[in-house]
Amino acid sequence: MLRILVLILGTLVSQAALAQTVRAPDFDRLAGNSRIVLMPLDVELFTMTAGGMTEPQAHWTDQARGHLLASLRRREAAMDTPLIELTEQDSKVAELNHLHGAVAGAIALHHYLTYYELPTKEKRMDWHIGADTDWLREKTGADYALFLFVRDSYATAERKVTMFLAAMLGVGIPAGIQIGYASLVDLQTGQIVWFNRLVRGTGDLREAEPAEESITALLDKFPRQ
C-alpha cells in the first residue's frame with residue numbers, strides 16, 4: 001500500500017508540510033461535553049531500497065508508536081475534550097482500523113488531488129467509515145473516535161547512493177515519504193466529520209521531537225467544543 005501511495009503522491013513531497021484540514025458540510029464544532037475514544041494507532045515504518053521497494057521495520061515502528069502516543073497524551077488537555085484510550089486489539093477494533101486506513105486513503109486520493117476528484121462528491125467532505133460504529137459508542141461511552149494512520153519510510157545506504165547518482169544526471173529521487181491521516185468519526189452515524197492529511201519528504205518518527213511535530217501537524221485545527 002505504501003508503494004502505491006508513494007507513486008501517487010510522490011510529486012507532492014518536494015513541498016513542506018502538506019497538511020490540509022477539511023470538515024463535513026454539516027459539522028462545525030464538537031457538541032458540549034463530548035468524549036472521544038482514541039483508536040489504537042495504525043503506524044508502520046519502513047526502509048526504502050535502491051529500487052523504491054519498502055521493507056517493514058518493527059523496532060522503528062514501536063519507537064514511533066510510543067513517541068506519537070506520548071505526544072497525544074501530553075496534548076489531551078489542550079484539545080479541550082477527554083480522550084478515552086482504547087488499548088484492546090480485538091477483531092472488531094482491528095477491522096475498524098483497517099477500514100479507516102482504506103477510507104482515509106480514498107479521501108486523500110479523491111478529495112485532495114484534482115485529477116482524481118469524484119464528480120458525485122462535488123468537492124464535499126462526504127465520507128463514512130463504511131461499518132457499524134454504534135457498538136463502539138456503547139462500549140466506550142464516547143461520541144467520537146479519533147483515528148490516526150501513519151506510514152513513514154527512510155532511505156537505505158544503497159538508495160542514498162542511487163539518489164546521488166541520479167542527482168548527477170539531474171533526476172530527483174525522494175529519500176522517503178511520510179504520510180499521515182487523522183480522522184474524527186461520529187460514532188452515531190459513522191460519518192467522518194473532520195479529516196487531516198500530512199504528506200512530506202521530511203521528518204523522523206523514530207525521534208521524540210520530530211514525532212511531536214508530526215502530531216502537531218496532523219491535529220492542526222482540531223475541532224473544539
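These are legends for several close-up views of a predicted model of one protein chain.

**View 1. The whole chain, to get your bearings.** Start by counting the pieces: the chain has six helices and eight strands. Walk along from the N terminus and the order reads α-β-β-β-β-α-β-α-α-β-α-β-β-α. The chain has 225 residues, and buried ones make up 48% of them. Take the contacts between residues at least 6 apart in sequence, and you'll find that 78% of them join residues at least 24 apart.

View 2. How many aromatic pairs does a search of the whole structure find? It turns up four. One of them is Phe27 with Tyr144, an edge-to-face pair with 6.4 Å centre to centre and 65° between the planes. The two partners come from distant parts of the chain, 117 residues apart: Phe27 sits in the loop between strand S1 (18-23) and strand S2 (36-38), while Tyr144 belongs to strand S6 (residues 144-155).

**View 3. Trp194 and Phe222, another edge-to-face pair.** Here the ring centres of Trp194 and Phe222 are 5.0 Å apart and the planes make an angle of 75°, which is again edge-to-face. Trp194 is part of strand S8 (residues 192-200) and Phe222 is in the segment after helix H6 (208-218), so this pair ties together parts 28 residues apart in sequence. Both residues are buried.

**View 4. An aromatic cluster, and two arginines over rings.** Phe149, Tyr181 and Phe195 come together as one aromatic cluster. Which residue lies over the face of Phe149? That's Arg151, at 4.1 Å from the ring centre.

View 5. Helix H2 (residues 58-74) has 17 residues, which at 1.5 Å a residue should span 24 Å; the end C-alpha atoms are 25 Å apart, so the two values agree. Its buried residues are Thr61, Ala64, Leu68, Leu69, Ser71 and Leu72. Look down the axis of H2 and these buried residues fall within an arc of 155°, so they line one face of the helix. Which exposed residues sit on the face turned away from that buried side? They are His59, Asp62 and Arg74.

**View 6. The buried side of helix H6.** In H6, the buried residues are Ala211, Ser214, Ile215, Ala217 and Leu218. Around the axis they cover an arc of only 160°, so they end up on the same side of H6.

View 7. Thr133 is in the loop between helix H3 (91-110) and helix H4 (134-140). With a relative accessibility of 4%, Thr133 counts as buried. Setting aside residues up to four places away in sequence, Thr133 touches Leu96, Asp186, Leu187, Gln188, Thr189 and Gly190.

Leu187, for its part, lies in the loop between strand S7 (178-186) and S8. It is buried as well, with a relative accessible area of 1%. Beyond its neighbours within four places in sequence, the contacts of Leu187 include Val37, Thr133, Leu136, Ala142 and Tyr144. Leu187 and Ile36 are 151 residues apart along the chain, yet their C-alpha atoms are separated by 9.5 Å.

View 8. Asn33 isn't a glycine, but its phi is positive, near 65°. You'll find Asn33 in the loop between S1 and S2. Asn33 is exposed, with a relative accessible area of 72%. Lys221 isn't a glycine either, and has a positive phi of about 60°. Its place is in the segment after H6. Lys221 counts as exposed, at 59% relative accessibility.

Conventions:
Residues are numbered from 1 along each chain as its sequence is written. This is a predicted model: local features need pLDDT of at least 70, side-chain atom pairs count only at pLDDT 80 or more; totals for chains, interfaces and linings use all residues. Side-chain values use heavy atoms; hydrogens and water are left out. Rings of Phe, Tyr and Trp (its six-membered ring) pair if their centres lie within 6.5 Å; planes under 30 degrees apart count as stacked, over 60 as edge-to-face and the rest as tilted. Helices (H or I, at least four residues) and strands (E, at least two) are DSSP runs, numbered from the N terminus. Buried means under 20% relative accessible area, exposed over 50%, partly exposed in between (1.4 Å probe, protein chains only). A charge sits over a ring if NZ of Lys or CZ of Arg is within 6 Å of the ring centre and within 35 degrees of the ring normal. The expected span of a helix is 1.5 Å times one less than its number of residues. The arc is that of the directions from the helix axis to the C-beta atoms. Contact means heavy atoms within 4.5 Å.
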